[in-house]
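Keep the sequence and the model in view while reading.

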Amino acid sequence: MTLQRLIALLTITAGIGLAPNSASATLIGLSPFLPTIDFSGSGNINYEASRGIVSVTAVPSILFSVDPFISIEIQNAVDNAPKSLLIQFQVDNNGNLISSSSSVPDLILIGSVDTDGDNLVDYSGTLLSAKVTQFGFLDSANGDDRFDLRLDSIGGSLAYLYSDHNLASLVISEISGSYPNTFNGSFDVDWQGQAKGVIGLIPIESVSPVPVTPSFWLWAGALASIFPGVKFNKIRKT
């Protein structure tokens with residue numbers, strides 16, 4: 001069995017799904033599909049009530065794709081700009097997205113990647129950009145809060161991986177003593193939380209790729225460290 005086939009099989013059988021067990025009218029219900037970019041552990045989600053601004057700041061980690069096969073850690077940009085992810089958009093006091101006519105992206109991901117495994121940077125700078133078109137949220141009184149986003153107008157040097165599709169992002173705000181003022185379902189007051197998550201493709205209705213599960217993120221990251229010498233499929237540079 002080839003490594004690519006093994007990955008596809010493990011993708012199908014891995015872990016628990018991203019969606020919460022109980023349904024919620026306020027979540028969109030999106031699941032990011034491959035190719036994915038994950039951000040975990042050290043991220044932050046913040047809401048400023050006076051301006052209605054939701055911000056997610058994080059450090060992007062692993063870019064993972066099956067076709068073409070890519071499993072790499074995102075690095076700092078070649079101009080020494082640190083790798084970073086910012087998602088910022090405005091909502092009203094009920095949490096409804098306020099659409100912006102500005103051409104400025106709501107999502108900007110900066111870094112550099114070697115997509116073909118030749119130890120040379122293929123893309124650097126703005127790897128991905130997009131506009132938020134939907135926002136969903138789920139307050140959990142005894143667990144992690146969840147937020148999901150739909151994005152379009154995709155740009156950046158990795159946009160070709162998501163051609164003719166929209167993006168989905170799932171953000172999980174974990175319980176942490178560092179953030180005592182967490183989301184309680186209200187957009188009338190400020191709140192903050194520790195955040196991790198994933199960005200991925202929303203499939204066209206006629207296509208049924210495999211969704212990514214939380215345990216698969218961990219597995220994919222481990223794969224990248226276990227097989228650092230794996231040969232990657234060459235992909236077209238733009």
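## Strands, core and rings

The side chain of N44 makes a polar contact with the side chain of Y179, at 3.3 Å. The model is predicted.

Q: Is N44 buried or exposed?
A: N44 is found in strand β1, residues 33-48. Leaving out residues up to four places away in sequence, N44 touches S55, V56, T57, Y179, Q192, G193 and A195. Its relative accessible area is 15%, and buried means under 20%, so N44 is buried.

Q: Which residue in β2 is the bridge partner of N44?
A: β1 and β2 pair in the antiparallel sense over 5 bridges. They form a hairpin with 4 residues between them, and G52 in the turn has a positive phi of about 70°. The bridge partner of N44 in β2 is T57.

Q: Which residue in β5 does A58 stand opposite?
A: Strand β2, residues 53-58, is mostly covered, with 5 of its 6 residues buried. β2 is joined to strand β5, residues 84-91, by 6 bridges, and the two run antiparallel. The residue opposite A58 is L85.

Q: What separates the C-alpha atoms of D106 and Q88?
A: D106 lies in the loop between β6 (97-98) and β7 (107-113). Its relative accessibility is 12%, which is under 20%, so D106 counts as buried. Not counting residues up to four places away in sequence, D106 touches L86, I87, Q88, F89, A130, K131 and V132. D106 and Q88 are 18 residues apart along the chain, and their C-alpha atoms are separated by 5.2 Å.

Q: Which residues is L109 in contact with, leaving aside its neighbours within four places in sequence?
A: Leaving aside the neighbours within four places, L109 is in contact with I37, P60, I74, S84, L85, G125, T126, L127, L128 and I199.

Q: Why is the pair of F187 and W191 edge-to-face?
A: F64 and F69 form an edge-to-face aromatic pair, with 6.0 Å centre to centre and 90° between the planes. The rings of F187 and W191 have their centres 6.0 Å apart. Planes over 60 degrees apart count as edge-to-face. The planes of F187 and W191 are at 70°, so this pair is edge-to-face.

Q: Which residues form one aromatic cluster?
A: F187 is buried, with a relative accessible area of 3%. W191 is buried as well, with a relative accessible area of 1%. Both belong to one aromatic cluster, formed by Y47, F89, F135, F137, F147, F183, F187 and W191.

Q: What percentage of the residues of the protein count as buried?
A: The accessible surface comes to about 11500 Å², of which 51% belongs to carbon and sulfur atoms. The protein has 238 residues, and the part that counts as buried is 44%.

Notes:
Residues are numbered from 1 along each chain as its sequence is written. This is a predicted model: local features need pLDDT of at least 70, side-chain atom pairs count only at pLDDT 80 or more; totals for chains, interfaces and linings use all residues. Side-chain values use heavy atoms; hydrogens and water are left out. Buried means under 20% relative accessible area, exposed over 50%, partly exposed in between (1.4 Å probe, protein chains only). A polar contact is a pair of N or O atoms within 3.5 Å; within protein, one must be able to donate a hydrogen and the other to accept it, and residues adjacent in sequence count only if both atoms are side-chain atoms. Contact means heavy atoms within 4.5 Å. Accessible areas come from the Shrake-Rupley method with a 1.4 Å probe; for residues, only the protein chains shown count as cover. Two strands pair if DSSP finds at least two bridges between them. Rings of Phe, Tyr and Trp (its six-membered ring) pair if their centres lie within 6.5 Å; planes under 30 degrees apart count as stacked, over 60 as edge-to-face and the rest as tilted.
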